[in-house]
Amino acid sequence: MRAILDHIGIAVGDVAQALAFYRDELGLHVDAPEEVASQKVRTHFIPVGEATIELLEATSPDSPIAKYVEKRGPGIHHVALRVDDIHAALAHLKARQVRLIDAEPRVGAEGALIAFIHPASTHGVLVELKQARKD
């Protein structure tokens, strides 16, 4: 399984303050936000070289991101690795008894297929696998 860094997801409590830092203080371009209704989150991608930073803003108090920020505060939420074939990657991990949050991929931001690996199998880091949408 070949994987490359796609993005680092950062959960934010105050998106205006986060955008002010990344856009205004660092001078980085922020792509137009995208709402992922199924996850109750709005994403703001910031290109940084070959990868991106993804600011994750809760759109509902019962969203996973709202719960994360309430419990742990704002900060790094996950690391996303891009794979060419997410189904093959999941099969590879299942065969090795890796604990998965998502046994099957689902649609995430940018129309990509995504699946999460449980932090218990990744030394405490939530890892997202991402297969880019094929147009």
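The model is predicted. Eight strands form an open sheet with mixed pairing. The largest pocket holds about 620 Å³ of space. Nine salt bridges occur in the structure, and the count of aromatic pairs is one.

**The sheet**

- The strand order is β2-β3-β4-β1-β5-β8-β7-β6.
- The edges are β2 (34-36) and β6 (106-107). Each of these edge strands pairs on one side only.
- Strands of a sheet pair through backbone hydrogen bonds, and the pairing is either parallel or antiparallel.
- β6 and β7 run antiparallel and are joined by two bridges. Val107 has Leu113 in β7 as its bridge partner.
- β7 and β8 are also antiparallel, with five bridges between them. Here Ala115 stands opposite Leu129 of β8.
- β5 and β8 run parallel, joined by four bridges. Ala80 stands opposite Glu128 of β8.

**Strand β8 in detail**

- Five of the five residues of β8 are buried, so this strand is largely enclosed by the rest of the structure.
- In a regular strand, side chains alternate between the two faces of the sheet.
- In β8, Val127, Leu129 and Gln131 point one way. Glu128 and Lys130 point the other way.
- The charged residues Glu128 and Lys130 are buried along with the rest of β8.

**The largest pocket**

- The lining of the largest pocket has 31 residues. Closest to the pocket centre are Ile65, His77, His78, Phe116 and Leu126.
- By class, the lining has 16 nonpolar, seven polar and eight charged residues.
- Several elements each supply at least two lining residues. Among them are the strands β3 (41-48), β4 (51-58) and β5 (75-83).
- β7 (113-117), β8 (127-131) and the helix α2 (64-72) also each supply at least two.
- Which element gives the most to the lining of the largest pocket? It is α2, with six residues.

- Side chains of opposite charge can pair when their charged atoms come close.
- Asp62 and Lys40 form a salt bridge, with the closest N and O atoms 2.8 Å apart. Asp62 lies in the loop between β4 and α2, and Lys40 lies in the loop between β2 and β3. The pair therefore ties together parts that are 22 residues apart in sequence.
- Asp62 is partly exposed, at 40% relative accessible area. Lys40 is partly exposed too, at 31%.
- Asp24 forms a salt bridge with Arg23, its sequence neighbour by number. Their closest N and O atoms are 2.9 Å apart.
- Asp24 counts as partly exposed, at 47% relative accessibility. Arg23 is partly exposed as well, at 39%.
- Asp102 and Arg106 meet through their side chains in a salt bridge of 3.1 Å, N to O.
- Asp102 is buried, with a relative accessible area of 11%. Arg106 is partly exposed, at 24%.
- Asp6, Arg82, Glu110 and Lys130 are linked in a network of salt bridges. Lys130 is one of the buried residues of β8.

**The aromatic pair**

- A pair of aromatic rings is described by the distance of the centres and the angle of the planes.
- By this rule there is one aromatic pair. Phe21 and Tyr22 form this edge-to-face pair.
- The ring centres of Phe21 and Tyr22 are 5.0 Å apart, and their planes stand at 85°. The pair counts as edge-to-face because the angle is over 60 degrees.
- Is Tyr22 buried or exposed? At 15% relative accessibility, Tyr22 counts as buried. The cut-off for buried is under 20%.
- Phe21 is partly exposed, with a relative accessible area of 40%.

**Helix α3 and Ala95**

- Helix α3 spans residues 86-95 and includes Ala95.
- Ala95 counts as exposed, at 57% relative accessibility. The cut-off for exposed is over 50%.
- Ala95 and Arg2 are 93 residues apart in sequence. In space, they are 16 Å apart, C-alpha to C-alpha.

Terms used
Residues numbered from 1 in each chain as written. Predicted model: local features only at pLDDT ≥ 70, side-chain atom pairs only at ≥ 80, totals over all residues. Heavy atoms only, no water. Phe/Tyr/Trp six-rings, centres within 6.5 Å; stacked < 30°, edge-to-face > 60°. Buried < 20%, exposed > 50% of the residue type's maximum accessible area, 1.4 Å probe, protein only. 1 Å grid on protein atoms, 1.4 Å probe; cavity = no way out; pocket = protein on both sides within 12 Å on 5 of 7 lines; lining within 4 Å. Points joined across faces, edges and corners; volume = space filled by probe spheres on them. Pairing = 2+ DSSP bridges. Salt bridge = Lys/Arg side-chain N within 4 Å of Asp/Glu carboxyl O.
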